Amino acid sequence: MPVPLAPYPTPPLPFTPPATGSESQLVCSGCRNLLLYPVGATSVCCAVCSSVTAVPPPGTEMAQLVCGGCHTLLMYIRGAASVQCSCCHTINLALEGNQVAHVSCGNCRMLLMYPYGARSVKCAVCQFITSIGASTSNIEQKLVT
């Protein structure tokens with residue numbers, strides 16, 4: 001006897017930011033889901049994992065980076081020197097745009113980002129170590145502004 005199939009779930013409605021500015025958003029400290037909360041709240045309880053996440057004080061400028069260990073999007077207070085990922089516990093450098101530079105890997109030509117002023121950078125793809133500034137004829141070095 002054939003088993004009836006369940007219908008496909010209806011897709012979620014697309015996110016539309018609040019028009020009045022009465023809500024804000026942050027990333028849950030437990031499950032990393034995006035949480036919406038009313039402006040003025042001091043903490044938010046996640047409906048998915050029940051973790052309580054503190055809301056940064058009003059006027060605090062936030063920044064984002066992708067974790068180098070697990071590729072999770074991390075939010076942090078702008079100006080922090082490093083950010084520890086709550087998922088894999090990797091400590092990520094939180095560099096501002098004028099503190100990083102780019103160079104092509106000396107082996108596979110992958111574009112690499114490194115802290116400005118470093119003497120070498122190791123490629124995450126092929127593990128080759130590229131010296132910075134050793135040979136400007138084959139290494140393109142560019143300061144990000």
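The second largest pocket of this predicted model has a volume of about 550 Å³. Of the 28 residues that line this pocket, Leu26, Ala54, Val55, Pro56 and Met62 are the closest to its centre. Strands β1, β4 (52–54), β6 and β7 (82–84) are the elements that each give two or more residues to the lining. A pocket here is an open set of points on a 1 Å grid over the protein atoms alone, where a 1.4 Å probe fits, with protein on both sides within 12 Å along at least five of seven lines; lining residues have an atom within 4 Å of a point. Grid points are joined across faces, edges and corners, and a volume is the space filled by probe spheres set on the points. Strands are DSSP runs (E, at least two residues), numbered from the N terminus.

The largest pocket has a volume of about 770 Å³. Its lining comprises 26 residues, and Val66, Gly68, Asn92, Leu93 and Met113 lie nearest its centre. Two or more residues each come from β5, β8 (91–93), β10 and β11 (120–122); β10 gives the most, with five residues.

Leu26, one of the residues closest to the centre of the second largest pocket, is found in strand β1 (residues 23–27). Leu26 counts as buried because its relative accessibility is 7% (buried means under 20% relative accessible area, exposed over 50%, partly exposed in between, with a 1.4 Å probe and protein chains only). Not counting residues up to four places away in sequence, Leu26 touches Asn33, Leu34, Leu35, Tyr37, Thr53, Ala54, Val55, Pro56 and Met75, where contact means heavy atoms within 4.5 Å. Leu26 and Val44 are 18 residues apart in sequence, with a C-alpha to C-alpha separation of 9.0 Å.

Two residues other than glycine have positive phi values. His71, with phi near 65°, is placed in the loop between β5 (62–66) and β6 (73–77) and counts as exposed at 62% relative accessibility. Arg109, with phi near 70°, is in the loop between β9 (100–104) and β10 (111–115) and counts as partly exposed at 48%.

Residues are numbered from 1 along each chain as its sequence is written, and side-chain values use heavy atoms, with hydrogens and water left out. In this predicted model, local features need pLDDT of at least 70 and side-chain atom pairs count only at pLDDT 80 or more, whereas totals for chains, interfaces and linings use all residues.

Notes. Helix = DSSP H or I, 4+ residues; strand = E, 2+ residues; numbered from the N terminus.
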